[in-house]
Amino acid sequence: MNELIELLTTEQGIETLFQKFEDLGFIVGFLLVFIEAFLPFLPLVVIVILNINSYGIIVGFLVSYTASVAGSYLVFLIVRNLFRHPAQRYIEKHDKLNKMLKFIDERGFTFLFILLSLPFTPSSVVNVITALSNIRRHVYL
């Protein structure tokens, strides 16, 4: 445990972490960001910083961005295909939820764009809510 704390709190420990991360290749950086779409409690900012420090600003950003888009879209597709119909039956019974979904359907892309532009909006919640709405797949992508 002390080794982990030292690894995360000292300058030499962080440099060692960056070197180990870089040695594993792009796939690890991609997978960590991709998995964050399914497990939103993972620290995305830390993973992106690791990618940028390990692979450079352009490649690190592109790996992180591509993985984030792919993970979010896969979450969207899974929720839409597996959970949409049971969730819609539940939503139809509750007026406030039904109004919220109609609001999202009417505003579509503009609402989604503004919501995702806000820095503290949890993207996983937006992915699920959008998957339950009638927004088309290509518009979401």
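Predicted model: local features only at pLDDT ≥ 70, side-chain atom pairs only at ≥ 80, totals over all residues.
Me: Which residues have the most contacts inside the largest nonpolar core?
Reply: The largest nonpolar core comprises 13 residues. Helix 5 (57-92), helix 6 (95-117) and helix 7 (123-132) each contribute at least two residues to this core. The residues with the most contacts inside the core are Val79, Leu132 and Tyr140.

Me: Which helix gives the most to this core, and with how many residues?
Reply: Three helices, namely helix 5, helix 6 and helix 7, each supply at least two of the core residues. The helix that gives the most is helix 5, with 4 residues.

Me: Which residues does Tyr140 contact, leaving aside its neighbours within four places in sequence?
Reply: Tyr140 is among the residues with the most contacts inside the largest nonpolar core. Leaving aside its neighbours within four places in sequence, the partners of Tyr140 are Ser72, Tyr73, Phe76, Leu112, Asn127, Thr130 and Ile135.

Me: Is Ser72 buried or exposed?
Reply: Ser72 lies in helix 5. Burial requires a relative accessible area under 20%. Since the relative accessibility of Ser72 is 15%, this residue counts as buried.

Me: Which residues is Ser72 in contact with, leaving aside its neighbours within four places in sequence?
Reply: Ser72 is a residue of helix 5, and Tyr140 has Ser72 in its own list of contacts. Leaving aside neighbours within four places in sequence, Ser72 is in contact with Ala37, Asn127 and Tyr140.

Me: What distance separates the C-alpha atoms of Ser72 and Pro86?
Reply: Ser72 and Pro86 are 14 residues apart along the chain. The separation of their C-alpha atoms is 21 Å.

Me: Which residues are closest to the centre of the largest pocket?
Reply: The largest pocket has a volume of about 950 Å³. Its lining is formed by 31 residues. Those closest to the centre are Ser68, Val69, Ser72, Leu116 and Ser123.

Me: Which helix gives the most to the lining of the largest pocket?
Reply: Helix 3, helix 4 (44-55), helix 5, helix 6, helix 7 and helix 8 (137-140) each give two or more residues to the lining. By class, this lining has 22 nonpolar, 8 polar and 1 charged residues. The greatest contribution, 7 residues, comes from helix 5.

Me: Within what arc do the buried residues of helix 3 fall, seen down the helix axis?
Reply: In helix 3 (residues 26-36), the buried residues are Gly29, Val33, Phe34 and Glu36. They line one face of helix 3, because in the view down its axis they fall within an arc of 160°.

Me: What is the relative accessible area of Ser133?
Reply: Ser133 is placed in the loop between helix 7 and helix 8. Not counting residues up to four places away in sequence, Ser133 touches Arg80, Arg84, Leu101, Ile104 and Asp105. Ser133 is buried, and its relative accessible area is 0%.

Me: What separates the C-alpha atoms of Ile91 and Leu101?
Reply: Ile91, in helix 5, is buried at 8% relative accessibility. Leaving aside neighbours within four places in sequence, its contacts are Leu97, Asn98, Leu101 and Leu132. Ile91 and Leu101 are 10 residues apart along the chain, and their C-alpha atoms are separated by 8.5 Å.

Me: Is Leu97 buried, partly exposed or exposed?
Reply: Leu97 belongs to helix 6. Leaving aside neighbours within four places in sequence, Leu97 is in contact with Tyr90 and Ile91. With a relative accessible area of 30%, Leu97 is partly exposed.

How values were computed: Residues numbered from 1 in each chain as written. Heavy atoms only, no water. Core = buried A, V, L, I, M, F, W, Y, C linked by side-chain atoms within 4.5 Å. Buried < 20%, exposed > 50% of the residue type's maximum accessible area, 1.4 Å probe, protein only. Contact = heavy atoms within 4.5 Å. Arc of directions from axis to C-beta. 1 Å grid on protein atoms, 1.4 Å probe; cavity = no way out; pocket = protein on both sides within 12 Å on 5 of 7 lines; lining within 4 Å. Points joined across faces, edges and corners; volume = space filled by probe spheres on them. Nonpolar A, V, L, I, M, F, W, Y, C, P; charged D, E, K, R; others polar.
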